[in-house]
Amino acid sequence: MTTSEGIILIDTIYPYNSEELIVGGMRKLGLDPNSIKYVFVSHAHADHIGGAEMLQKRYRARVVMGGPDWDLVAKHPNRYKTMAPKRDIVATDGVKITLGDATVTIWLTPGHTPGTMSYTFSVLDRGKRVNVAYSGGTAFNFVNNTPDPGIRNFQTYIDSQKHMAARAASTGATVLLSNHSEFDNAYNKNRMLAGRGFGPHPYEIGADWVQRYFQVMQGCAWAAQIRLEQKAAETR
Ligand SMILES: [Zn+2]
């Protein structure tokens, strides 16, 4: 996100391609990586935290992450080799980070990882203010195949989806962003943008569809949770 005082970067992809895709990609867009002031890491998986150490060292960007995910990085030095930023800003639920004329509110949405962060913020589209809900962790890649702790893990995930759905509603979000392009159809939307003309921005799907995303996430998690409850009942 570009602001009047620099850039807020959300997620840093893998260690092996962050140089090419972040630094190279920004230069291609005419953006200076030196102006990255904040790096938000939605969660400590390699495809999101990969470039954070490099960006922190090279550009002295402040790195923001949820407390439990900072702990993961500290606990597993081998897993986070070359992608272990020094512990910096620990996000709390509802904290606002302002840079120049932009403010991002961070929401803690544990589930995908214990420290997963999501965001609400607003952007300008051709001078019109548009509110965005950004979901930081889609997919159930936690322990999900045994009733204990699977049932609990799914509950944490469901509670976080409800939390974020409420934040999206109260901020009037009409855009849903996911940190994986297969979940918000970003790949196609980016292509549609080129042919937009005077039409609406392809990312602007409306408040009802934003809510629908969180309902589907809850429904899928709930179905998986019920399966584990049945499994627990059968083995009892
Ligand atoms: Zn992940």
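Which strand gives the largest share of the lining of the largest pocket? That strand is S8, with 5 residues. The structure is a predicted model, in which local features need pLDDT of at least 70, side-chain atom pairs count only at pLDDT 80 or more, and totals for chains, interfaces and linings use all residues. Residues are numbered from 1 along each chain as its sequence is written, and side-chain values use heavy atoms, with hydrogens and water left out.

**Pocket and cavity**

The largest pocket has a volume of about 1600 Å³. It is lined by 43 residues, of which Met 1, Ile 10, Tyr 134, Leu 177 and Tyr 203 are the closest to its centre. The search of the whole structure finds 1 cavity of 30 Å³ or more, and the largest cavity holds about 50 Å³ of space. Helix H5 (147-170) gives the most to the lining of the largest cavity, with 4 residues. Among the lining residues are Thr 109, His 112, Ser 135, Tyr 157 and Met 164.

Both terms rest on a 1 Å grid over the protein atoms alone: a cavity is a set of points where a 1.4 Å probe fits but cannot get out, a pocket is an open set with protein on both sides within 12 Å along at least five of seven lines, and lining residues have an atom within 4 Å of a point. Points are joined across faces, edges and corners, and a volume is the space filled by probe spheres set on them.

**Zinc site**

His 43 (NE2), His 45 (ND1) and His 112 (NE2) coordinate the zinc ion at 2.1 to 2.2 Å. Donors are N, O and S atoms within 2.8 Å of the metal (3.2 Å for Na, K and Ca); water is not among the atoms, so sites may look incomplete. The spacing of the donor residues in sequence is H-x1-H-x66-H. His 45 is in the loop between strand S3 (36-40) and helix H2 (46-49), and His 112 is in the loop between strand S7 (102-108) and strand S8 (117-125), so the pair ties together parts that are 67 residues apart in sequence. Helices (H or I, at least four residues) and strands (E, at least two) are DSSP runs, numbered from the N terminus.

The table gives relative accessible areas; buried means under 20%, exposed over 50%, and partly exposed in between (1.4 Å probe, protein chains only).

| Residue | Relative accessible area | Class |
|---|---|---|
| His 45 | 24% | partly exposed |
| His 112 | 7% | buried |
| Thr 138 | 3% | buried |
| Ala 102 | 8% | buried |

Thr 138 is placed in the loop between strand S9 (128-135) and helix H5. Its side chain makes a polar contact (N or O atoms within 3.5 Å, one able to donate a hydrogen and the other to accept it; residues adjacent in sequence count only if both atoms are side-chain atoms) with the side chain of Tyr 213, at 2.8 Å. Beyond four places in sequence, the residues in contact with Thr 138 include His 112, Tyr 157 and Tyr 213; contact means heavy atoms within 4.5 Å.

Ala 102 lies in strand S7 and touches Met 1, Thr 3 and Ile 97, residues up to four places away in sequence not being counted.

**Nonpolar core**

The largest nonpolar core has 22 residues, and Leu 55 is one of those with the most contacts inside it. Such a core is a set of buried Ala, Val, Leu, Ile, Met, Phe, Trp, Tyr and Cys residues joined through side-chain atoms within 4.5 Å. Helix H3 (52-59) is among the elements giving two or more residues to this core, and H3 gives the most, with 4 residues.
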